[in-house]
Amino acid sequence: MNSPPLASRSLSRRIPPGVRQRARRAWEGVWGPWRRFWFEPADPTPLAVMRILFGGMLLYTQIVWGLNLEGFLGPHGWQGETLVRTLQADQFAWSFWWWVPVSLHVTVHLVCLVILAAFMLGAFTPVTSVLAYLITIAYANRAPMANYGLDQINGMAALYLAIGPSGRVLSIDRLREHLRGARARLSQGLEPAIPRAQPSARANLALRLIQVHLCAIYIFACLSKLRGDSWWNGLAIWQVVSNLEYQSRDLTWLAWYPWLVNLLTHATIVWEVTFWALVWRPALRPFVLLMGTAIHLGIGAFMGMWTFGLAMIFAYVSFLPGEPMAALIGRATSQVGRLLRWLGVDMEPSARPGLRAAWFALGLTGESPPPDHIDAQPAAGATPASLPVATTTPLATATAIPMREPSSTPLDRVAAPGPAASGRRDLPLMRPSILVVEGRLKRQAEVQEYFLKHGFRCHVASELHQARSMLAVIEFDALIVTSSWFPEDELAAFHDGLIGGGRALPASVFLLGPARGQTFPRFPETSRHRVLIGSLSLRELRHLVLEVLGLTEESLRPFVNRRSHSKNGHRSATPDRPKLADEDLPPKTTSDVPSISSGNGSSP
Amino acid sequence: MSTKRLLPPAAWRALRSRVIPIVRRWSRPAGFVLVNLWLVYHLAAIVLAPWSVPPASRLVQNSWRAVGVYDQALFLNHGYHYFAPEPGNSTLLGYVLEMPDGSLQTGRIPNRQIHPRLLYHRHFMLTESLASDDWSPQVRDELVQAMASELCREHGARRVTLSRVSHELPSMEFVRAGGTLDDPEKYSEEPLGRFSYDDQTQTAQLESPAGLEAERDDTPPLANARSADTRPADTRPTSATGLAIPIEIVPAPDRAK
């Protein structure tokens, strides 16, 4: 039972309903954005790219320590044992190098390099990512006086890459997983399907931590600069470039252009002080990151600190969108596959299964299907061409709205037209799942609360691109766009994508503001996709949603007032189902069968 | 051996019917709450670490105490003061090595012969530490001694004389008037002492606070070259030897703090 404890029930009775409701809304206003910001599932591709980049950087950094291992880590080196122990006497700075005998220094160093290389390549990532972090700290803490910004950024990145699932894609771990899957499918006579990695809340958490930490770094870097006169009088950049020990290229010609020196100094400060605010604005983010990239490339090119500059640029990857990055990588690998085929290297069905499996696992066959995609298509040549195909996924539209199997949602099993489903359109097996795209947080909370109360599963998205991401991973029956703030072109493209996707994509209701005009020729309507101008009450909106879903209010009665529901996209372990007798359950259709059971050409 | 076999049947039934469902029900929400609490703490830690770098208020310094151990243990205790408060003079280490055959080798650290560039920067950060205000005199003395040991070990020298070299930044006017970045006028040198190296213990001991030149003519090396610097020098006793080493109080740049 999900009833609250007695004490809390009696307490909640004492609070007036109005106060309770306001408190709940206030709580949702704080908790909702917090939860979405930190825990909304995100594509792990940026994290994996950062793992490769920072893995390489960590490896290089430790290799360089190794060029004078005894000098930097030895007991009688630049920073002798007595010196560092005195320095860290009252600190909790630790390093395993204190326990490594001098005779084993080289061996341990080589082991560390192997671990870092494994981390970079994504082998045993859950373990090697943590070890990479510990190794980074151990080296840095053993030689604290030789540290600088690079070690700080390395440490930060290694920590968050250990927290997030950085090996979920673009890794040897993933490749091994794909190879196993591909071999199994090939052995069954089926064509392997390499699913895209599922978005992950842990990936989002790690990426957000990197982003926030980067903002903290810049704001404090700027605030500390503002204590110095030269950053105010515009001469700081001159002092940087005229430092012979830093300089790697002669920039003394700047002495004849003081205005340029002033401009560069002020621009640096303005960029640093505004980074934390502007980088969150999608429209400004490219400019902020490009400016940062230019500054850090300048640090690398003119001050010789390539490692530090590159490390900062690598951290910017956390701000890049995951899905386009994954799609780009997918396209690149498929291009490699095409190139190989053009060169005559192709995996014919007669090729060795191991090689064929590797070909598929590397993604050389083409673009990856969306997550959860179950491709039941038989492998060419392995089974007769007449083998029935269970389902096929339509091609993605220009708007790149990810699609799901048309019959994969519980509602569709009933609501889809057909003899098996007819007559049961008003009896869903699970709560209908809807996605509300609304930019205003307060409105989000209101709509979500209302629909949850009336028997729906309700998810919210603030932006259209966020809705696209959610469509890729969560099964929705309907989508409601209630905000009129989105650009009309983007909205129309999104709408077209939904219609073009057919039953693979959810039904939709678009509420367009009256300010947009009276006619919307770019928003054609169908029975599953309704477009309305002006405003609707929540009740009217709910009825409209029921209409596009082909449901009645009565059909959702079993779900109304049930306490357990999911708001964050995770289906509960025990799905909310009304009590149905076995005979009430719809008979299985062919689309319910996950895959063809054997390769002998007979359908199940 | 499984838990089922370890426990009596009644206890196993009670565990399975009562405890496990409760644990299952509460483990996820409890874990989620803990993650959120950690997140708040972590955010406080990454903000308080740079904020508590002096000058900082008593409130911030006291708040840092709540996260200091966490920051230090996770290598997050950084100030991020890159080229702040302002880019300053460079500090180098000058040395004169006395080889076993009596010959002398001179040099400076860092120098452009150190490759790759990251290794150069490692050496540069070491010598920058000589001018840092962050270290106590004891730490600075030990650093100088460790540097002497390492130089003798690397080159196989018997003795080494060290000096701290400050490289003053040239102004735009200086460059426009024809000055160069490596103009000798911009360098000033301060002796750190002469050290003898013991092969057995692999450590260098301070022999004399003055350099070889000082022994010859009783004047500190390049003392006259420090024309622009009129700041008084502070003479403090070293903890290791009890000998006095002149240590200049220079407001150091907080580079890469």
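The buried residues of helix α9 of chain A are A:His178, A:Ala182, A:Arg185 and A:Leu186; a residue counts as buried if 20 or more other C-beta atoms lie within 10 Å of its own, as exposed if 12 or fewer do, and as partly exposed in between, with C-beta atoms placed from the backbone. Seen down the axis of α9(A), these buried residues fall within an arc of 90°, so they line one face of the helix; the arc is that of the directions from the helix axis to the C-beta atoms. This is a predicted model, in which local features need pLDDT of at least 70 and side-chain atom pairs count only at pLDDT 80 or more, while totals for chains, interfaces and linings use all residues. Residues are numbered from 1 along each chain as its sequence is written, and chains are lettered from A and ligands numbered from 1 in the order in which they are written.

**Helix α9 of chain A**
- Helix α9(A) covers residues 172-187 and reaches 22 Å from its first C-alpha to its last, close to the 22 Å expected at 1.5 Å a residue; the expected span is 1.5 Å times one less than the number of residues.
- Helices (H or I, at least four residues) and strands (E, at least two) are DSSP runs, numbered from the N terminus.
- The buried residues of α9(A) pack against α17 (353-361) of chain A, whereas A:Arg180, A:Ala184 and A:Ser187 are exposed on the other side.
- After α9(A) comes A:Gly189, with a positive phi near 80°.

**Chain A and its confidence**
- Chain A has 22 helices and five strands, and 40% of its 604 residues count as buried.
- Of the contacts in chain A with a separation of 6 or more, 76% join residues 24 or more positions apart; two residues are in contact if their C-beta atoms, placed from the backbone, lie within 7 Å.
- The average pLDDT of chain A is 77, and 77% of the residues score at least 70; pLDDT is the predictor's confidence in each residue, from 0 to 100.
- Confidence in chain A is highest in helix α6 (residues 105-121), at a mean of 95, and lowest in helix α18 (residues 410-415), at 36.
- In chain A, pLDDT stays under 50 over residues 367-427 and over residues 562-604.
- Where pLDDT is low, the predicted coordinates should not be read in detail.

**Where chains A and B meet**
- The contact involves 60 residues of chain A and 55 residues of chain B.
- Helix α10 (residues 201-225) of chain A supplies the largest share of the chain A side, eight residues.
- By class, that side has 31 nonpolar, 25 polar and four charged residues; Ala, Val, Leu, Ile, Met, Phe, Trp, Tyr, Cys and Pro count as nonpolar, Asp, Glu, Lys and Arg as charged, and the others, Gly among them, as polar.

**Helix α4 of chain B**
- Ten of the twelve residues of α4(B) are buried, so it is largely enclosed by the rest of the structure.
- Among the elements covering its buried residues are α3 (45-66) of chain A and β1 (90-98) of chain B.

**Nonpolar cores**
- The largest nonpolar core has 125 residues, and those with the most contacts inside it are A:Ala157, A:Ala315 and B:Val160; such a core is a set of buried Ala, Val, Leu, Ile, Met, Phe, Trp, Tyr and Cys residues joined through C-beta atoms within 7 Å.
- Helix α10(A) gives the most to this core, with 15 residues.
- A second, separate core of 39 residues includes A:Ile434 and A:Val548.
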